[in-house]
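Hi,

Here is the structure I promised to pass on to you.

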Amino acid sequence: MTETLTPKVVEPTLFELSSPGRIGVTMPEPDVPKADLPPAHLLRSDLPLPELAEVDVVRHYLRLSQFNYSVDGGFYPLGSCTMKYNPKINEDTCRLPGFLYTHPLQPIETVQGNLELMYLLQEWLKEISGFAAVSLQPAAGAHGELTGVLIMRAYHKSRGDHKRIKMLIPDSAHGTNPASSGMIGLQVVQIPSDARGNVDLNALKAACDDAVVGLMLTNPNTLGLFDENIEEVIRVVHECGGLVYGDGANLNALLGIVRPGDLGFDVMHFNLHKTFSVPHGGGGPGSGPIGVAAHLADFLPEPIVGILEEDDEETPPLFGFIRPAKSIGRIKAFYGHFGGGMVRAFTYIAMHGAEGLKQVAQHAVLNANYLLARLRGSYRVPYDRICMHEFVVEGRFEGSDLRALDISKRLMDYNFHPPTNYFPLIVPEALMIEPTETENKATLDAFADAMIQIAEEARTNPDLLRAAPHNTLFGRMDEVRAARELVLCCWLPEDYSKPLTDEQPASLGER
Amino acid sequence: MNAPSRLKYTKTDEWYDPATGKVGLTDYAQSHLSDIVFVEILVEAGETVEVGKAIASVESVKASAEVYAPAAGVVAEVNKAIAEKPETLNQDPYGQGWLIRIENSLPGDLMDADAYIRYCEERD
């Protein structure tokens with residue numbers, strides 16, 4: 001197996017498009033005195049950059065972008081990723097000059113608007129989630145998780161309770177949960193699901209003791225199911241002195257309906273890049289603010305935005321940074337992802353309002369249940385009950401060796417992004433489907449039709465699936481070979497004065 | 001699905017050979033993981049292991065999984081060749097695909113082949 005895949009369309013690199021002497025920009029005559037160049041030994045004899053006209057560069061990148069699949073391009077039902085449409089007004093607001101041309105080291109008096117936006121976003125997230133305090137600092141979801149488990153540990157230590165070393169994590173949780181706990185040295189104890197896809201209460205009770213830091217719960221879980229015993233689950237963990245962490249990645253299902261803080265969760269991260277329409281998946285930085293109940297507010301990472309001086313009749317309030325009393329410290333430079341995350345999420349919440357956010361959740365859940373109902377006859381559904389914002393089917397058929405991967409590859413021929421594959425691990429050949437609220441019935445029907453058609457093809461022409469995709473730029477990649485024979489071929493040249501070659505520098509040794 | 005009767009099995013899909021002390025991943029496990037692309041053995045010869053301790057980490061194109069010790073004892077030998085050829089776990093799970101050998105071992109709660117086959121069928 002040494003065949004090389006050849007794409008149907010080849011886009012040359014900028015270096016290959018380069019033509020000596022071609023330029024894109026004419027530099028103006030300098031209007032300041034010319035300075036001498038640094039000494040010759042500090043200068044390169046050559047700088048091998050491509051030479052192109054502006055139009056060459058624009059067309060090159062436009063073509064590359066068209067090879068990609070995006071939310072703007074089509075339906076993207078990637079489960080647990082909430083690939084909803086990202087409204088374009090967010091792009092206008094985050095480019096407003098007052099937000100765009102500010103620097104995090106500016107004196108606070110000169111960025112009061114930015115600080116007010118952050119303050120209001122903290123307040124809105126508190127109201128949406130039912131928590132007492134919010135920090136906007138974490139860079140993304142898993143970073144929020146890490147912050148949360150650090151806060152949970154700090155809380156126990158502050159009470160002189162040093163023996164708590166175990167984190168309980170259901171087998172239907174997001175994979176980042178055990179990773180975040182393991183990262184700070186906690187022991188992860190897996191809790192199984194029961195036959196209805198809820199946390200197995202007996203197993204949970206058996207695992208709860210005075211060594212438990214807490215439970216990390218994704219609710220709705222990765223099966224797309226709301227835990228029917230959620231209040232009991234939280235009560236059991238609290239009874240042994242543990243805290244309950246909520247993975248907010250699936251918050252889209254709950255907006256305006258249920259507040260995790262009201263259910264008794266102690267801490268939760270938000271994914272502004274999922275629930276609140278900040279582009280992600282290669283489209284922009286994440287943002288993973290964290291909310292906590294009152295007893296954990298003092299432990300939040302610093303700084304959070306607060307009012308330093310109350311307003312009076314003549315002057316508005318002065319916003320500034322506050323350090324919570326027992327803060328775990330900074331977990332990131334500066335204040336979090338401001339323009340990329342916070343301004344867009346603020347815009348999204350402001351545009352929807354309370355009633356609009358509630359409709360987001362309702363339509364997300366309705367869309368998922370509609371798709372589930374249409375696919376139920378063609379795909380096996382484990383834990384089959386009313387789902388929340390997403391659901392999981394098995395990508396396998398009786399008496400066939402076809403796998404979830406084959407179905408996903410074939411979906412690409414129908415111009416749909418495949419669902420999440422092989423997660424959660426408790427479902428064999430899992431296909432996890434999250435339509436989000438932004439799709440209309442025609443799109444959902446087109447996707448369901450394609451899935452049903454593929455199930456039919458699996459019966460009548462299985463080779464069509466095995467060799468898929470057929471209509472994409474590249475055919476089926478050999479993922480096994482790519483993983484087994486990992487070849488990293490990009491290295492920095494040792495000598496920039498020489499033209500770039502494919503040859504590996506001798507100093508790197510055997511690869 | 002293949003489960004030789006000379007071996008004992010765990011609920012987490014490891015096999016244990018009472019005659020030799022060798023430990024590996026079952027045929028059922030390798031077929032569900034599909035193509036295995038990475039194996040890292042997490043213990044060294046001479047180390048003492050408890051039942052349930054993670055002894056190896058396995059990655060396939062679908063998932064990653066931990067392999068747990070089915071018996072307590074001292075690690076006598078680890079299969080160093082396996083890291084270079086992870087596909088051995090798919091091709092020969094009960095032979096060349098062994099992971100470690102445990103000496104002076106005290107097995108945990110293990111199933112015989114018939115019970116393990118029933119256990120696998122229940123899960124499918």
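Predicted model: local features only at pLDDT ≥ 70, side-chain atom pairs only at ≥ 80, totals over all residues.

For chain B, the mean pLDDT is 94, with 100% of its residues at 70 or more.

How many residues of chain A are in contact with chain B? Seven, and they meet eight residues of chain B. On the chain A side, five of the residues touching chain B are nonpolar, two are charged and none is polar.

The rest of my notes are about chain A, so let's go through its helix pairs.

Start with helix α5 (residues 112-129) and helix α11 (residues 338-375) of chain A. Their axes come within 10 Å and cross at roughly 60°, which makes α5(A) oblique to α11(A). The crossing of α5(A) past α11(A) is left-handed. From α5(A), the contact uses N114(A), L117(A), M118(A), L120(A), L121(A) and W124(A). Facing them from α11(A) are F338(A), M342(A), V343(A), A345(A), F346(A) and I349(A). By class, that contact counts eleven nonpolar residues, one polar residue and no charged ones. If you wonder about the spacing of residues along a helix, remember that an α-helix has 3.6 residues a turn, so residues three or four places apart point the same way.

α11(A) has another partner, α13(A). The axes of these two helices come within 10 Å and cross at roughly 30°, and α11(A) and α13(A) are therefore roughly parallel to each other. Here α11(A) passes α13(A) in a right-handed crossing. The residues involved are N367(A), Y370(A), L371(A), R374(A) and L375(A) on α11(A), with L444(A), A448(A) and M451(A) on α13(A). Sorted by class, the contact between α11(A) and α13(A) has six nonpolar residues, one polar and one charged.

Next comes α12, which covers residues 404-413 of chain A. Is α12(A) buried or exposed? Eight of its ten residues are buried, so α12(A) is largely enclosed by the rest of the structure. The buried ones are A404(A), L405(A), D406(A), I407(A), S408(A), K409(A), R410(A) and L411(A). What do these buried residues pack against? Their partners in chain A are β11 (420-421), β12 (430-433), α13 (441-460) and α14 (462-466). After α12(A) comes N415(A), with a positive phi near 65°.

α12(A) and α13(A) pack at an angle of about 125°, and their axes are 10 Å apart. The two helices α12(A) and α13(A) are therefore oblique to each other, and α12(A) passes α13(A) in a right-handed crossing. I407(A), R410(A) and L411(A) of α12(A) make the contact with A450(A), I454(A) and E457(A) of α13(A). That contact of α12(A) with α13(A) divides into four nonpolar and two charged residues, with no polar ones. I407(A), R410(A) and L411(A) are also among the buried residues of α12(A).

Now to the loops. Y422(A) counts as buried because it has 22 C-beta neighbours inside 10 Å, and 20 or more is the cut-off. P424(A) is in the loop between β11 and β12 too, and a cis peptide bond with omega about 0° joins F423(A) to P424(A). E429(A) also lies in that loop. Although E429(A) is not a glycine, its phi is positive at about 50°. With 22 C-beta neighbours inside 10 Å, E429(A) counts as buried.

P220(A) belongs to the loop between β4 (212-218) and α9 (230-239) of chain A.

That's everything from me for now. Happy browsing!

How values were computed: Residues numbered from 1 in each chain as written. Chains lettered and ligands numbered in written order. pLDDT = per-residue confidence, 0-100. Axes fitted to C-alpha atoms, helices over the stretch in contact; angles between N-to-C directions. Helix = DSSP H or I, 4+ residues; strand = E, 2+ residues; numbered from the N terminus. Parallel < 35°, antiparallel > 145°, perpendicular 65-115°, else oblique. Left-handed = near helix turned anticlockwise from the far one by under 90°. Contact = placed C-beta atoms within 7 Å. Nonpolar A, V, L, I, M, F, W, Y, C, P; charged D, E, K, R; others polar. Buried ≥ 20, exposed ≤ 12 C-beta atoms within 10 Å, placed from the backbone.
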